[in-house]
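Work through the exercises below with the model open beside you. Try each task before you read its solution.

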Amino acid sequence: MRVFAIADLHLASVTPKPMTIFGPQWAGHPELIFTRWREEVRPGDLVLLPGDLSWAMHLPDAMIDLAPVAALPGTKVLLRGNHDYWWAGAGKLRAALPPGMLALQNDAVRVGNVVVCGTRGWLTPGYEPLSPDDERLLNREAERLRLSVQAAAQLRQPGDHLILMLHYPPASPPYPPNALTPVIESARPDLIVYGHLHGVNPERALRQVSGIPAFLVAADALRFRPKLLLDTGKQRRSSASTF
């Protein structure tokens, strides 16, 4: 099984929102994503979607945006972004999702030999400290991440890969530690994926947290092509050949 990720689909079939305000490269971006997804992803693969999936305000409208995503190859794991106002409670959302789509909310999921945990995240302190309100929201997200990491530990089996998914980046320049950092360090995932940032070269974005590889997977940073993170089949064959 191969694992891909792409965030910030910003689909808007029901609630129009021109993404070209972020640059001309966004023109016709849903078709670019769908075409490049089909070029890369096979039915047995896993695709992580770390937030900002639809501009819809209500769940039924978001399901219209998500229907063509559900029809694409692969199992999808969804995470809430800051613009996913349609995101309902976990039970209601999961009941509405098409087959092959899983939602992550204060818990974890296991697909094959990959366990995925995570939370939306929030603004993190950088050159300037956070406001008291932002500090409160970040602490709340850290607690949600802690719950998700605990759930992942219950699901994880020997040999499984652990991926930690956030919508917001896990730190801000110059990247001091924040409330998320000890939770990430305790989990020791194989890698971290995040989105949210537009117009950013992924080579110049945050690339590690305490030595754990981190990848910016916002759609425009990837030129709207899902990023291959992991090929568990290749890793398994490679390990077997060393004995």
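Predicted model: local features only at pLDDT ≥ 70, side-chain atom pairs only at ≥ 80, totals over all residues.

Residues are numbered from 1 along each chain as its sequence is written, and side-chain values use heavy atoms, with hydrogens and water left out.

**Exercise 1. Classify the pair formed by the rings of Trp 26 and Phe 224.**

Step 1. Recall the rule. Rings of Phe, Tyr and Trp (its six-membered ring) pair if their centres lie within 6.5 Å; planes under 30 degrees apart count as stacked, over 60 as edge-to-face and the rest as tilted.

Step 2. Apply the rule. The ring centres of Trp 26 and Phe 224 are 5.0 Å apart and the planes stand at 80°, so the pair is edge-to-face.

Step 3. Place the residues. Trp 26 is in the loop between strand E1 (2–5) and helix H1 (29–40), and Phe 224 is in the loop between strand E10 (212–216) and strand E11 (227–231), so the pair ties together parts 198 residues apart in sequence. Helices (H or I, at least four residues) and strands (E, at least two) are DSSP runs, numbered from the N terminus.

Step 4. Check burial. Buried means under 20% relative accessible area, exposed over 50%, partly exposed in between (1.4 Å probe, protein chains only). Trp 26 has 2% and is buried. Phe 224, at 3%, is buried too.

**Exercise 2. Describe the salt bridge of Asp 107 with Arg 94.**

Step 1. Test the distance. A salt bridge is a side-chain nitrogen of Lys or Arg within 4 Å of a carboxyl oxygen of Asp or Glu. Here the closest N and O atoms are 2.6 Å apart.

Step 2. Locate both ends. Asp 107 lies in the loop between E4 and strand E5 (108–111), and Arg 94 in helix H3 (residues 90–96).

Step 3. Compare burial. Asp 107 is buried at 19%, whereas Arg 94 is partly exposed at 34%.
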